[in-house]
Every structure is written in structure tokens, then in C-alpha cells.
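The following paragraphs lead through one protein model, beginning with a single residue and widening from there. Please keep the sequence and the structure in view while reading.

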Amino acid sequence: MPEKTSTARPGRKPSAGKAGAEGGATLADLAAVRSELARLADPERAVFLQRFFKTGPGEYAEGDRFLGIRVPQLRALAREARGLSTEAALELLRSPWHEERLFALILLVQQHRKA
């Protein structure tokens, strides 16, 4: 079977908007969102982010943990998950992972933009 080719730039994973839920379906459950975030995780980028955000002892972001997901990927995923409940978003806000918390904030802003 031939290998799947990607249109993503070298060193980057496809954005959630292009490689997310099939057929344009929305991600409306927390488990599906967390699964997609885990799929998008980039361990090498996570290591860089931990240094960039000063997560060492006594530093301003001490203990913060990163998955290594870029903000455009989180925005695209938030568009797909617009139907996620407020309760699920609030649960993500309590996550130890920086990107899950940021995703929740992006999602809440998108959901309440026209409120």
C-alpha cells in the first residue's frame, strides 16, 4: 500500500481543520477533543515551549506542562468543537496541560462572541 503524503510543511503536523474529524463533523464530546489534542501533540516542540515559558523551579510558569501544539491548530480544532458543552470547557480549564487550557479559552470566546 502506498504511503500517505501530506501537504503540511516539513516539521509541521497538519492543522486540525484539515486532519480533524472526518467529513466536517464536529467534535462535540470531551473524549474526542482530548484524543485529537493528543494526536496533534509534538513532544519536540513541547520541550522547546517548556524552556521558552520558563517552567523551571522558581520561574514564572513553574510546573506548567506542554503538549507542543501550535495556536493555529488549537483555533482550527476549536472551530470543529464549537458544540462542546460549557461544562466540558470548564473541565479543560482545570487541566494540567497548557494547550488544553488555552483551547478551552479559545472555545469559550468563540461560543460567546455573539452572545
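L30 has its place in helix α2; helices here are DSSP runs of H or I with at least four residues, strands are runs of E with at least two, and both are numbered from the N terminus. The model is a predicted one, in which local features need pLDDT of at least 70 and side-chain atom pairs count only at pLDDT 80 or more, while totals for chains, interfaces and linings use all residues. Residues are numbered from 1 along each chain as its sequence is written, and side-chain values use heavy atoms, with hydrogens and water left out.

With a relative accessible area of 17%, L30 is buried. That word stands for under 20% relative accessible area, whereas exposed means over 50% and partly exposed lies in between (1.4 Å probe, protein chains only). L30 and S85 are separated by 55 residues in sequence, yet their C-alpha atoms are 8.5 Å apart in space. Setting aside neighbours within four places in sequence, L30 is in contact (heavy atoms within 4.5 Å) with L84, A88, E91 and L92.

Helix α6 deserves a separate look. Its 15 residues should span 21 Å at 1.5 Å a residue, and its end C-alpha atoms are 21 Å apart, so the two values agree; the expected span is 1.5 Å times one less than the number of residues. Its buried residues are E99, E100, F103, A104, I106, L107, L108 and Q110. Which helices do the buried residues of α6 pack against? They pack against α2, α3, α4 and α5.

The aromatic residues form another part of the picture. Rings of Phe, Tyr and Trp (its six-membered ring) pair if their centres lie within 6.5 Å, and planes under 30 degrees apart count as stacked, over 60 as edge-to-face and the rest as tilted. By this rule there are 3 aromatic pairs. The rings of F48 and F52 are stacked, because their centres are 5.9 Å apart and their planes stand at 25°. Both residues lie in helix α3 (residues 43–52), 4 residues apart, about one turn of the helix. F48 is partly exposed at 38% relative accessible area, while F52 is exposed at 51%. F52 also pairs with F53: the centres are 5.2 Å apart and the planes are at 85°, so this pair is edge-to-face. F48, F52, F53 and F66 form one aromatic cluster.

Taken as a whole, the chain has 6 helices and 0 strands. Of its 115 residues, 35% are buried. Among contacts between residues at least 6 apart in sequence, 66% join residues at least 24 apart.
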